[in-house]
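Keep the model open while you read.

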Amino acid sequence: MKEQLFEIGRFIKNFLFSIVNREFLIFLFFLIVSGTFWLLMALNETVEREFEVPVSLVGVPKDVVITTDIQDTLKVTLRDKGFTLAAYMYSDRLQPMKVIFRNYTAKDNGRGQVALSEIQRYISQQLYSSTKITSVKPDRLEFFYNHGISKRVPVRFIGRVIPAENYYLSRTLCQPSQVTVYADKALLDSISFVGTEALRLTDFADTVVRKVPLQTIRGAKVVPAEVEVTFCPDILTEEAVEVPIVAVGMPEGKVLRTFPSRVKVRFSVGANQFRQIKPEQFRVEADLSAIGDKASEKCPIYLRQAPSNVSNARLEIGMIDYLIEQ
């Protein structure tokens, strides 16, 4: 066993110190030396680097609702020698910033703000004397709060929804249909609804359900922050109903007889909604004043009213025969 180990060791020694491998080892040694020298030179130069400092709001009373939370991260750019910046990177010297609620709400006006000067002072206390702060983003920290004032407002869907060909959108349902908004009284009075984030949905023939975030309102908190929106498409069908013709523009003491007395109105409607369509929801008028003094055997008729859930409503005929009776 010892002889085998001796042979292996001698083989490795001969391999490493052969002419070719000796040159490689010499090259590797100088490569490491030059790389180390370059690194030391680089670390000795003055450079800038961005660091992230976590931020948290602490000491919030139980009767206070934070309507717009404080930004959770500061981006601070520091300028110093590479050695020093490396110390910040690989140590916990830069501590998170804790914003104490009571220190910034003395006015009790529903808003707290930490100025840039205070942010810089807090960070500077943790830095070496040679380190300079070149920028801080954002340039201030602010939060909004109230003491539980709220109201319920409806949710309004915002977006572009186009079903597949020969379909139309019969219903859009938001669940919940109302949300609670917390804000100061002046802001609450200006809010009549909360819209969803814009959504685009196209080419669908079956019911689609999406969770959609609600729009953020500066200085307000919306609960919940998202809603479930259901889009219900329905296939379009071509239908018709017979509607009585109503005479308008008649001189007093005269009666207009029309032939026919009823006319077909054609329209497009969802298959599931056709049963809800009644002839009484349409109004067709024969307007004698449109004829005037001109002698004519025909009287024009007009579709004056149609249900909101039908489209492309139109009369089957546009002129009718008529007779005026005294």
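The report starts with the whole chain and then turns to strands, rings and single residues.

**The chain as a whole**

This is a predicted model. The protein chain has five helices and 22 strands. It holds 326 residues, and buried residues make up 30% of them. The accessible surface comes to about 21200 Å². Carbon and sulfur atoms account for 53% of that surface.

**An open sheet of four strands**

Start with the sheet that contains strand E8. Four strands form this open sheet, in the order E12-E8-E11-E15. Their pairing is mixed. Strand E12 (194-195) and strand E15 (221-223) are the edge strands, and each pairs on one side only. Strand E8 covers residues 150-156 and runs parallel to E12. Two bridges join E8 and E12. Val-155 has Val-194 in E12 as its bridge partner.

A charge and a ring also meet here. Arg-156 places its charged end over the ring of Phe-193, 3.8 Å from the ring centre.

**Strands E1 and E4**

Now move to strand E1, residues 46-58. E1 pairs with E4 in the parallel sense, over four bridges. Val-55 has Met-97 in E4 as its bridge partner. Which face of E4 does Met-97 belong to, the covered or the uncovered one? Met-97 lies on the covered face, together with Val-99. Lys-98 and Ile-100 make up the uncovered face.

Thr-46 is also in strand E1. Its relative accessible area is 40%, so Thr-46 is partly exposed. Thr-46 touches Arg-79, Asp-80 and Lys-81, leaving aside residues up to four places away in sequence. Thr-46 and Phe-83 are 37 residues apart in sequence, and their C-alpha atoms are 9.2 Å apart in space.

**Aromatic rings**

How many aromatic pairs does the model have? The count comes to seven. One of them joins Phe-101 and Tyr-145 in an edge-to-face arrangement. Their ring centres are 5.1 Å apart, with 75° between the planes. This pair links distant parts of the chain, as its members are 44 residues apart. Phe-101 sits in the loop between strand E4 (97-100) and strand E5 (111-114). Tyr-145 belongs to strand E7, residues 141-146. Phe-101 counts as buried because its relative accessible area is 6%, under the 20% cut-off. Tyr-145 is buried as well, at 3% relative accessibility.

Other rings group together. Phe-51, Tyr-88 and Tyr-128 form one aromatic cluster. Arg-93 lies over the face of Tyr-128, at 4.0 Å from the ring centre.

**Thr-67, a buried threonine**

Thr-67 is in strand E2, residues 65-68. Is Thr-67 buried or exposed? With a relative accessible area of 6%, Thr-67 is buried. Its side chain has a polar atom 3.5 Å from the backbone nitrogen of Tyr-145. A polar atom of the Thr-67 side chain also lies 3.1 Å from the backbone oxygen of Gly-219. Beyond four places away in sequence, Thr-67 touches several residues, including Phe-144, Asn-146, Tyr-182 and Ala-183. Ala-220 and Lys-221 are also among its contacts.

**Val-212 in strand E14**

Val-212 is in strand E14, residues 208-213. Val-212 counts as buried, at 4% relative accessibility.

**Accessibility side by side**

The table gathers relative accessible areas from the sections above.

| Residue | Relative accessible area | Class |
|---|---|---|
| Phe-101 | 6% | buried |
| Tyr-145 | 3% | buried |
| Thr-67 | 6% | buried |
| Thr-46 | 40% | partly exposed |
| Val-212 | 4% | buried |

How values were computed: Residues numbered from 1 in each chain as written. Predicted model: local features only at pLDDT ≥ 70, side-chain atom pairs only at ≥ 80, totals over all residues. Heavy atoms only, no water. Pairing = 2+ DSSP bridges. Phe/Tyr/Trp six-rings, centres within 6.5 Å; stacked < 30°, edge-to-face > 60°. Buried < 20%, exposed > 50% of the residue type's maximum accessible area, 1.4 Å probe, protein only. Lys NZ or Arg CZ within 6 Å of the ring centre and 35° of its normal. Areas by Shrake-Rupley, 256 points an atom, 1.4 Å probe, with all protein chains shown as cover. Polar contact = N/O pair within 3.5 Å; in protein donor to acceptor, adjacent residues only side chain to side chain. Contact = heavy atoms within 4.5 Å.
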